[in-house]
Amino acid sequence: MGRYVMDMASKKIKIEGSGEGSEPKKESKREKKQALARMTAGTLSAHTFRLTVGALERALLAEYPAADAEEWDRTGLLVGDPAAQVRAVAVALDPTVAAIDAAAEAGANVLVTHHPAFLTPPTSFKPAASVAQNPGAGVYRAIERGVALMNFHTALDVSARAQRMLPGMLGLSLRGVVEPLAGCAEKGYGQLCAVADERLTLGQLAARCTSVFGRAPRVWGDFDRPVSRVVTCTGSAGPTGKLALANHADVLVAGEVKYHDALDLSQAGMAVIDLGHDTSELPFCRVLAASVRDAGVPDELVMVVGQQDNWAYPEAVRV
């Protein structure tokens, strides 16, 4: 028994899984009416939804308010018509030209990302493969392909869902937020965590990071050192490192730590695990996808654009 799916190329409904290589049989008018009736009363109609781009933005802003974001940041819909109906939604870490194309080719007319398409407004809008070639390349392509762009950057960083992400992935027990937002202890930057296994060492925690994220982090510290208090942080650590030190953390696990900051922290007695900026934030795609589904977009109309293969880690080669 096949299932009805949308062929995005032809914009027609076809039956999938009804047998490989078999010729489609001709249907009588009565059979066509019966099939249409089944579609109207069955699975396809259950997935029919009406949601505007503006309504989707409002639903996401309710969870990731612009008021929670940094003053310099941009939050919400940056490109697109709020009155347009959502057809499907793609999610990505970065709104690159390639990600916009991938969204459009998959039938999505909305791309929700963590990072914004721009912070400083572009000075020109021209077709290009990257904003390195023209600052408005992403905006140009989004308008050209009919893809709305909205992002939730630092508002997502400080959200309650974000606080649970890294601790949950690494099997750590969340104890609190290192730098909470004013008036909300559940939101903020950095997560203070406890280790359930009292025998966990820095090397074992680093190995756990390798297993979870699929790539080895940079580690500054003695691998045999016991670890009991950990501070996790997505993206750039910034001032979170010193706050971790003030909270007597044994190790800071962050997406990105500047060399001199890592040097100072290590000299003060704290170890550092540097995951890589994008490595630490790619899981935000799953968080955003869940929020999009919570806003009413059916699961089969939400896709994630893979951006996990930007970096390569060749094995050491003797020359």
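I started with H114 and listed its neighbours. Leaving out residues up to four places away in sequence, H114 touches A92, L93, N151, F152, H153, L156, D157, E281, F284 and L288. I took contact to mean heavy atoms within 4.5 Å.

The model is predicted, so I note its terms: local features need pLDDT of at least 70, side-chain atom pairs count only at pLDDT 80 or more, and totals for chains, interfaces and linings use all residues. Residues are numbered from 1 along each chain as its sequence is written, and side-chain values use heavy atoms, with hydrogens and water left out.

Next I placed H114. It is in the loop between β5 (110–113) and α5 (137–145). Helices (H or I, at least four residues) and strands (E, at least two) are DSSP runs, numbered from the N terminus.

Is H114 buried or exposed? H114 counts as buried, because its relative accessibility is 0%. My cut-offs were under 20% relative accessible area for buried, over 50% for exposed and partly exposed in between (1.4 Å probe, protein chains only).

I then looked for a polar partner. The side chain of H114 makes a polar contact with the side chain of E281, at 3.5 Å. Such a contact is a pair of N or O atoms within 3.5 Å; within protein, one must be able to donate a hydrogen and the other to accept it, and residues adjacent in sequence count only if both atoms are side-chain atoms.

**Rings**

I counted 2 aromatic pairs. Rings of Phe, Tyr and Trp (its six-membered ring) pair if their centres lie within 6.5 Å; planes under 30 degrees apart are stacked, over 60 edge-to-face, the rest tilted. Y64 and F152 have ring centres 6.0 Å apart and planes at 45 degrees, so this pair is tilted. Y64 lies in the loop between α3 (53–63) and β3 (76–79), and F152 in the loop between β6 (148–151) and α6 (154–157), so the pair ties together parts 88 residues apart in sequence. Y64 is buried at 0% relative accessibility. F152 is buried too, with a relative accessible area of 0%.

**Sheet**

I traced an open sheet of 6 strands, in the order β7-β8-β10-β11-β12-β9, with mixed pairing. Two strands pair if DSSP finds at least two bridges between them. β7 (173–181) and β9 (218–220) are the edge strands, each pairing on one side only. β9 and β12 (residues 271–274) pair in the antiparallel sense over 3 bridges. W220 has V272 in β12 as its bridge partner.
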